[in-house]
Amino acid sequence: MNKQQEAISRQKIFDAIKQASPTAPANIDAIQKEALELLSLNEDARPAALHDDPSIALEMRVEKGLVIGTSCERIATLADLPNAVKTFFAKHKLPKVAKVQETEQLQSLDWNGIGINADIIEDDTVGVCLAEYGIAETGSFVVSSSKDMPILLNFLPLYLVVAAPKSKVLAFMDDYALIANDIAKQGTTPRNICIISGASGTTDIEGVLVQGAHGPEFLHLVIVDDL
Amino acid sequence: MQANKPQNFYKNVSEALAQPNLKAIIRRTTDKADAKRAEAVSNFPGFENARTQGQKIKDHVIKHMDHYLAEFEKNAKAQGAIVHWASTGEEATKIVMDICKQHEAKKITRSKSMLGEEIGLSHALDHSDMERIETDLAEHIIQLAGDPPSHIVWPAMHRSREDVVKLFRSNHKSPTQSEEIIDLVRSARRDLRTKFLTSDIGISGSNFLLADSGSSCTVTNEGNAELTITPPKVHIVTAGIEKLVPSMAHAVPLLRLLTRSATGAEITQYITFHNGAKREGDADGPEVSHIVLVDNGRTKMLADGMEEMLRCIRCGACMNHCVVYKHIGGHAYGSVYPGPMGSVLTPHIEGLEVANKQTHACTLNGRCEEVCPVNIPLPKLLRALRAKSWSKKYEPITNRFVVSAYAMLASRPKLFQLSSSMGVVMMKLFSRKGWIQSMPFTSGWTSNRDLIAPESKTFMQQYKKQRKSSNTAEKQQ
């Protein structure tokens, strides 16, 4: 297909749409107003919050076992993260090797006794990264691609520890989506935005749930009170 | 397994019904999905409101599709994506194959996409010198088996654990000797890991296209979409034009509905928005991003008054709850989309002339509409397609004769009552202990199950008798 043929196909599609809806097209302002009104229905159309404090609601969701393969803990400051990672190593009987996200905030922590630049392709490596947001409704964390956030860090390891600032734990998915909508308006949407809600899983063989299909089998969420 | 053809529907159905374990295998997954969906809905009191909101969002986009398509194109291009347009499946496949050839690709990884199946991309890749690697576990299983998908969410539901053991042992580099499901999943993880990292091009579908940012959205439980898309230099998205939503905030209500309706989960593990090519300095991601927007019958649905079908978010709930699907499975439909949604979609993709029989494979019990997360009136759409098939004279001559004969009788009450009485007498002659095992002209029914014997009198005979006796009783009082 050359560009000319594709342009013909494009035109065919637009013509077919126009022909199917022969009324005069609404103006852009009217369409945008209508689209905005649809979001006003959100409040009656989303699940109830487990707690008024989104960070507590997120912890509750994980503790109730509603987030697959996920555990959760709370730490006072980011300086406590290496200890949380050490406890995670011990729990899963893992060698003390991790791939820590190459961001100043994490790399500058005292990782004494832990190798922090391991190869993330190995299954027993623990990935450690910092989330931008948490979402209580779904027990999720949000990361986006950048120079110091390789997307694969969240998918290749079998074990993943993610720290999320308490102040950035949002109550609902809509809350994050509205932030993303604003970013889109500025034209600065990153290449990837990942909303991750638990460990990788599959039910493709006889409907039986198995964790760690392709991504992490175990996920540990760490809520940082003061980041 | 050779893919069935939609025009051979009755033959496909007979073959499916003759498979001794198929029904049990299908029900193992669909019954579990039904129960989990019901639980998810009961835990979400706002579900009905969410359905209404989801329907309104989809209807809004359908109403302004040209606006949102143009908006999406503009924003995707601004983020560095190359946008292509395909009015047919053949065009879409050609565009993708041309891109693959242009990049001299040898290995192609794919995450599950029903649109990819719809446009025949798997077939085209298999007939090229490129290696196609399916990365969703179910798609991986059916690729090894050479099967077409049998369900849009669980494409390998027709394969048992024993089948998977055999397939993995003969195809994986270091297969497990265990027959435990967890070990089978590990085996696939090991086998696919290197393939993810050495692929030249990653191809995905898209659950949603965000008009305001030009992003495509993948939804998976396994995380295979991100592993398919991120390592290769080139990412190709194929997406139907109906996947548009105005923004991420509009995708969220649909995501709530999608996961609950598909698997009964409150949310799926991985929701990722892909936006153009890798930015300068990004730690990873594809350097080139192509998006192929595909019509392939969708604008025809708009023109034919079937626009409600364009609301479909591909959750599979309609087939999980369909009594016909549960008996015959997905392959019998002979198309990528089985079940109620498939019986409406396929005639628009492959033509009503070849896929009209599927529109009759429905009891019109309405369960599909009841569970549809975006309120698609599937029974109404199926009835409309039946009517169209009739008016186009696509029905077999025997069906046309029987229906015409019935219409003639039904409009002549005396004749209808007489023939009903004769029918009851005839059927009684063939019944044994309340059931009919075989009878002339009923083999379509009795070859797979017994027919219940009629009451000794017709409805009208019983009605008249009862009325007479109650009149007598009234007079005596």
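This is a predicted model: local features need pLDDT of at least 70, side-chain atom pairs count only at pLDDT 80 or more; totals for chains, interfaces and linings use all residues.
**Chain B as a whole.** I began with the secondary structure of chain B, which comes to 23 helices and 13 strands, and then looked up its extent, finding that its C-alpha atoms fill a box of roughly 95 × 55 × 45 Å along the principal axes. Of the 477 residues in chain B, 52% are buried. When I took the contacts in chain B between residues at least 6 apart in sequence, 74% of them turned out to join residues at least 24 apart.

**The annotated span.** I noted that an unreviewed UniProt entry places the annotation "domain: LUD" on residues 69-294 of chain B; the end C-alpha atoms of this span lie 11 Å apart, and the span is 42% helix and 21% strand.

**Helix α23 of chain B.** I followed this helix through residues 459-476, 18 residues in all, and found that it reaches 26 Å from its first C-alpha to its last, close to the 26 Å expected. I also checked its cover, and the count of buried residues in α23(B) is 0.

**Where the chains meet.** I found 69 residues of chain A in contact with 79 residues of chain B. On the chain A side, α1, α2, α6, β8 and β9 each supply at least two residues, and α1(A) gives the most, with 11 residues. By class, I recorded this side of chain A as 37 nonpolar, 19 polar and 13 charged residues.

Last, I looked at β8(A) and β9(B), which run antiparallel and are joined by 5 bridges; here A:Ile193 has B:Phe273 as its bridge partner.

Notes:
Residues are numbered from 1 along each chain as its sequence is written. Chains are lettered from A and ligands numbered from 1 in the order in which they are written. Helices (H or I, at least four residues) and strands (E, at least two) are DSSP runs, numbered from the N terminus. A residue is buried if 20 or more other C-beta atoms lie within 10 Å of its own, exposed if 12 or fewer, and partly exposed in between; C-beta atoms are placed from the backbone. Two residues are in contact if their C-beta atoms, placed from the backbone, lie within 7 Å. UniProt positions are given in the numbering used here, feature names are shortened, and annotations may be inferred rather than shown by experiment. The expected span of a helix is 1.5 Å times one less than its number of residues. Ala, Val, Leu, Ile, Met, Phe, Trp, Tyr, Cys and Pro count as nonpolar, Asp, Glu, Lys and Arg as charged, and the others, Gly among them, as polar. Two strands pair if DSSP finds at least two bridges between them.
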